[in-house]
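Please look through the model below before reading the notes.

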Amino acid sequence: MAWRALGNKGLRVSHTILQGHTLGSASASCFEDAVISVSASFRCFSDFSSMSLWQGASYRKHLSDQTLLRCFHSSTALLARGDGQFGLKTPKREKYVRRENRTQPPVEAPYVPPKVKTVTKSSVDKTINIFEGMTIVELAKHTGESLSSLQDILLNVGEKVESEFDPLSIDIAELVSMELGVNVRRRHSDEGAKLLARPPVITVMGHVDHGKTSLLDALRQTSLVEKEAGGITQHLGAFVVSMPSGSSITFLDTPGHAAFSAMRARGAAVTDIVVLVVAADDGVMPQTREAMSHATSANVPVVVAINKCDKPAADPERVKLQLASEGLLLEEMGGDVQVVEVSAVKKSGLDRLEEALLLQAELMDLKAPIDGPAQAYVVEARLDRGRGPLATAIVKAGTLVCGQYVVVGSEWGRIRALRDMVGKMTDLATPAMPIEIEGLKGLPMAGDDIVVVDSEERARMLSMGRKRKSEQDRLRRISEGRTEIEESSEKQEVVERVELPIIVKADVQGTVQAVTDALKSLNSPQVFVNIVHVGVGPVYQSDIDLAQACGACIVGFNVKNPPSSVTQAATRASIQIKTHRVIYHLLEDMGSLIVHKAPGTTETQVAGEAQVLNIFELKGRSKSKGDDVKIAGCRVIDGQVTRSSTMRLLRSGEVMFEGSCASLKREKQDVETVGKGNECGLVIRDWDDFQVGDIIQCLEQVVRKPKFISSESGAVRIEC
C-alpha cells in the first residue's frame, strides 16, 4: 500500500512537471523519452523493497513528497540515470598517492617488455686468425658471436652483404673483430700466386762489444763502427750486401746492450737466419744466451760466427763447448748448426761465412710472391724535420708501390716516396728489400705491420679502429695495474714511495722504446719511475711546458742539444735536461738521480756499547731537584755513546729496558758524546735497577739509501 501510494504521487508529480514547463518546439518524441526516463527512475525504487531503510518510520518521513520533488528537480541528467542511488551522497574521490615500489604496471598503460639487445662482450685475451675471403659464418664461428650481431656491425661500417656466405675482405674482417673487442692475427695464403726466389734476411746478434758491426763492415767494406757513439751499436740497421759470389743478402744489425732486448726480438721476428757472433776471447755471455732464446722462440736457424780469433787469448774450442752446454747442436758434435771462425780485423774466414749463409738459405728454399699487395714489417721509425715521419721497413711478400694507401699499426698515409738504404729514390720494393717509407700521417711504432688498402676511406677507418682498440687496451691495463697495486697494498705494509716523472726524447722510435724500458727497469719499492711522455726528435718548448706542469725531468738520447731559448726556459723553471749519446752513461746518471730522490729506509743500528763497572746513588736530594738517582759508572767498549740517542740495557744477553738518556757526564762535566775507551756516568730515564756487568747499547736511527747496480752485460737495477 505504501509503495502504491508513493507510485501514484510520483506520477502526479511527473504530470505536474510536464505541465509546468513549456515545451516550445520540442517534438513528441522528446516528450515520450522524458516519460520513459521518469518511469525508469521509479522502477529503481522497487529494488529497495527488501532493504531495511524503508522499514523505519524515520526513513518514511525522510522520503516525503518534497524530498522526491527536490531530487527530481535537481538535474535533468539525473532523471535519465538508472544506476544512481538517490538520496545518498556520492562518495568523494580519494587523493591519488604515487607508489614508489610499483610491482604491477598501470592498467591504462599495458606493460610491453623491451626488446633484448645483444651486448658484445670484450674478449681481450682472445686472438683469432683472419684471412682474405672469409665468410660471415666463418667469422661468427671464430668470434663466437651471432650472425645478426655481425650483420649489424657490417651495416655500421658501411659494408653491404646480401648473403651470410658472401666473402669479406681481410680489412672488413679486422674492423668487425675490433668492434667485438677481439684481437686478430692476419694470415695470408700463397695459393695461386707466383712464387719466386728471394734473397735471405739475416740478423746479426750477440753480446755487446763482440764485433757484430765490425763483422758487417768487413763484409761490405765500410766503417760504420767508427760513427757509433761510444763504439757500440745503439740502433737497428738494415743493409743490402753484395757478396763476392754475386748474391745479395739483406743484413740486420742489432745492438748488443741489455737495454735493447726489444730490438733483438724484432730482428729475430723478421729474419730468416740468425748469425750468432761470439768473441773467441770472451765466450758465451748473457746477451748471447738471450739471442739464442730469441732465435729459438722465432724458430729461426742459427749460424755461429766465432769472432776475434786473431787475438792471443782466443780459444774457439772453449766457446764451442760453452755453446754445446747451452743446448746448441753444432755440426762437429752431430748437430745441424754451422760454426765458422772469423776475424773482422784481419778479414779472415769471411768467404767461409758467406758460403755457410748461402748454403743455409739454399736448404730453406726461400721464396715469396711478387705480385699482389705487399706485406712489410717496420724495423725502425724516426721523425725528420723536413720530410716528416719516416719508417724503415722490410718487405716480406708482394710488391710495395709508390702512391699506395697503407696502414702502419694505428697510423695511415699515402706513400709519397720510397728510398733504399743508400738514399736513392725507387718506385717499388720487392721482397727482402729494406726501404724507407715517406708520407705517413703519424709516426708508427717499431715492429708494426704494413697493410696495403684500396682507398683513403678504408685506411682512415682501419686506423681509427686500431687507435680505439689500443686505447681500450691501455685503459684496461691501467685499471688492472691499479687493482693489483690495491691488492698488494692490502696484503703488505705501506712503504713510502715517491714518484719520478720523466719525459723521454730520442732520435728514433726503437730507441725511444729501449730507453723507456730501461728506465722502467729502475723502478723500486721507494721510487716509481713514471714515463709521462715519449717522443721522437729534439727537446722543444712544449716539452718544457709539460715538464713544468707535472714536475718531470727530461731525458734526451742521441738528440741535438736544445737551443739556448729552450735551455734558458728550463733553467728558469728549474727543470733538469739530461742529454746522453751512450746508453751506459744515461742509465748511470738516472740511477744516481733515483738514489738521490729515494727517501730511504730508516733502520736502527748500534752506535756504541758501554759496560757498567760501578753504581752510584745520590740520596737526600731536595724536592726541587727530584727523587734519589742511581748513576751507572760505565766504560765505552765499542763505538761511542751519545746523550741524544736511545739506550738499551742488556743483562745476560736479554733486553731489560729501552729508554732515553737523562744525563751523561764525564769527570763531572756534562758531555754530548763519549768515545771508545773512556769512562762516564750515565743515567737512564725511568730506570734505576742497574747491576755491575750490564751492557748499555747506544741506538741511533740511520736512513739507508738504495743502491744502483750495473752488471757486466749492461743490465741495471735498483737494490733497496
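The numbered points below start with the whole chain and then go through selected parts.

1. This is a predicted model. The chain has 720 residues, and 40% of them count as buried. Its secondary structure comes to 18 helices and 34 strands.

2. Two totals describe the chain further. Among contacts with a separation of 6 or more, 70% are between residues 24 or more positions apart.

3. Helix H6 covers residues 136-143, and Ile 136, Leu 139, Ala 140 and Thr 143 are buried in it. Viewed down the axis of H6, the buried residues fall within an arc of 100 degrees, so they line one face of the helix. The general rule behind such a pattern is that an α-helix has 3.6 residues a turn, so residues three or four places apart point the same way.

4. What lies over the buried residues of H6? The cover includes strand S1 (127-131), helix H7 (147-156) and helix H8 (170-179). After H6 comes Gly 144, which has a positive phi, near 80 degrees.

5. Strand S6 takes in residues 248-253, and five of its six residues are buried. Strand S4 (residues 201-206) pairs with S6 in the parallel sense, over four bridges. Within this part of the model, Thr 203 has Leu 252 in S6 as its bridge partner.

6. S6 also pairs with strand S5 (residues 237-242); six bridges join them, and these strands run antiparallel. Here Gly 237 has Asp 253 in S6 as its bridge partner. S5 and S6 form a hairpin with five residues between the strands, and Gly 246 in this hairpin takes a positive phi near 100 degrees.

7. Strand S8 (residues 302-307) runs parallel to S9, and four bridges join them. The bridge partner of Val 303 in S9 is Gln 338.

8. Ala 361 is in helix H13 (residues 350-364). Is Ala 361 buried or exposed? Its relative accessible area is 12%, under the 20% cut-off, so Ala 361 is buried. Leaving aside neighbours within four places in sequence, Ala 361 is in contact with Pro 200, Ile 273 and Leu 366. Ala 361 and Val 201 are 160 residues apart in sequence, and their C-alpha atoms are 9.2 Å apart in space.

9. The structure holds one aromatic pair. The ring centres of Phe 657 and Trp 687 are 5.3 Å apart and the ring planes are at 15 degrees, so the pair is stacked. Phe 657 is in strand S28 (residues 654-666), and Trp 687 is in the loop between strand S31 (679-684) and strand S32 (695-704), so the pair ties together parts that are 30 residues apart in sequence.

10. The two members of this pair fall on either side of the 20% cut-off for burial. Phe 657 has 22% relative accessibility and therefore counts as partly exposed. Trp 687 has a relative accessible area of 19% and so is buried.

11. A ring also takes part in one further arrangement to look at. Arg 414 lies over the face of Tyr 405, at 5.8 Å from the ring centre.

12. Asn 558 has a phi near 60 degrees, a positive value in a residue other than glycine. Asn 558 is in the loop between strand S22 (553-557) and helix H17 (564-572). With 12% relative accessibility, Asn 558 counts as buried.

13. Ser 574 has a phi near 60 degrees as well, again a positive value in a residue other than glycine. Where is Ser 574 found? Ser 574 is in the loop between H17 and strand S23 (577-580). Its relative accessible area is 66%, over the 50% cut-off, so Ser 574 is exposed.

Technical notes. Residues are numbered from 1 along each chain as its sequence is written. This is a predicted model: local features need pLDDT of at least 70, side-chain atom pairs count only at pLDDT 80 or more; totals for chains, interfaces and linings use all residues. Side-chain values use heavy atoms; hydrogens and water are left out. Helices (H or I, at least four residues) and strands (E, at least two) are DSSP runs, numbered from the N terminus. Buried means under 20% relative accessible area, exposed over 50%, partly exposed in between (1.4 Å probe, protein chains only). Contact means heavy atoms within 4.5 Å. Two strands pair if DSSP finds at least two bridges between them. Rings of Phe, Tyr and Trp (its six-membered ring) pair if their centres lie within 6.5 Å; planes under 30 degrees apart count as stacked, over 60 as edge-to-face and the rest as tilted. A charge sits over a ring if NZ of Lys or CZ of Arg is within 6 Å of the ring centre and within 35 degrees of the ring normal. The arc is that of the directions from the helix axis to the C-beta atoms.
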